Amino acid sequence: MGTVVEAANKGANGSIPQKNPTVVFVLGGPGSGKGTQCANIVQHFGYTHLSAGDLLRAEIKSGSENGTMIQNMIKEGKIVPSEVTIKLLQRAIEEDGNDKFLIDGFPRNEENRAAFEKVTGIEPAFVLFFDCPEEEMEKRLLSRNQGREDDNIETIRKRFKVFLESSLPVINYYDAKAKVRKIDAARPVEEVFETVKAIFAPKNEKVNHYVWFMSKLYMYKFHFISKRKLGHQNHC
């Protein structure tokens with residue numbers, strides 16, 4: 001029957017030579033609001049949103065040999081190998097007609113990160129990190145989806161702990177390469193997205209905004225100097 005990694009390899013092999021995709025890793029603690037912002041980015045900037053967790057669940061639901069193996073591993077309390085998740089992400093990238101991807105909640109740890117770059121040959125354009133205080137994330141999680149199994153204090157705090165221990169080393173790695181775009185995610189959704197938009201806006205749009213700003217500044221200075229000169233002439 002083969003191993004789960006062998007089954008995953010049937011779906012995707014090697015790096016992605018036929019594409020040169022733009023990949024953005026989206027990281028943030030539970031309740032940081034990254035899911036909401038991913039939806040906004042998809043709508044405004046045309047990215048495809050990929051969630052490692054969603055892909056694993058879809059593979060299980062498909063009833064494939066690979067999906068059955070993944071389900072059995074989860075039932076047995078085993079960790080799904082990085083390569084399996086990466087192959088699912090790789091296949092999703094290959095099969096999608098887009099060339100811009102948000103990978104949400106991945107890599108979860110340093111092993112994920114190293115394996116992703118090795119298997120796919122892709123390095124992210126940057127990492128979008130939604131930084132939010134634990135108290136705020138806890139408040140958000142407890143106030144939403146009342147009755148959801150994993151939204152209780154004990155489980156939430158365990159999720160925070162896992163995120164800090166596993167994902168922060170990934171953020172630190174990319175930060176050392178100047179690839180982290182840190183967002184203050186404690187603010188209202190609309191304010192957070194204004195910051196996100198500034199990161200994703202096309203370069204020419206940013207240049208145009210700069211030109212517009214500088215022209216306004218120049219006109220203001222010109223108007224101010226003209227008024228001063230006119231005032232000086234009236235006194236003479």
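1. Two strands pair if DSSP finds at least two bridges between them. Strands (E, at least two residues) and helices (H or I, at least four) are DSSP runs, numbered from the N terminus. By that rule, E4 pairs with strand E5 (residues 180–184) in the parallel sense, over 5 bridges. Val127 has Val180 as its bridge partner in E5.

2. This is a predicted model: local features need pLDDT of at least 70, side-chain atom pairs count only at pLDDT 80 or more, and totals for chains, interfaces and linings use all residues. Residues are numbered from 1 along each chain as its sequence is written, and side-chain values use heavy atoms, with hydrogens and water left out.

3. Strand E1 (residues 22–28) also runs parallel to E4, joined by 5 bridges. Here Phe25 has Val127 as its partner in E4. Strand E4 (residues 126–131) is mostly covered, with 5 of its 6 residues buried. Buried means under 20% relative accessible area, exposed over 50%, partly exposed in between (1.4 Å probe, protein chains only).

4. Val80 lies in the loop between helix H4 (65–75) and helix H5 (82–95). Val80 is buried, at a relative accessible area of 15%. Beyond its neighbours within four places in sequence, Val80 contacts Leu56, Ile70, Met73, Ile74 and Thr85. Contact means heavy atoms within 4.5 Å.

5. Cys38 is buried, at 0% relative accessible area. Cys132 is buried too, at 8%.
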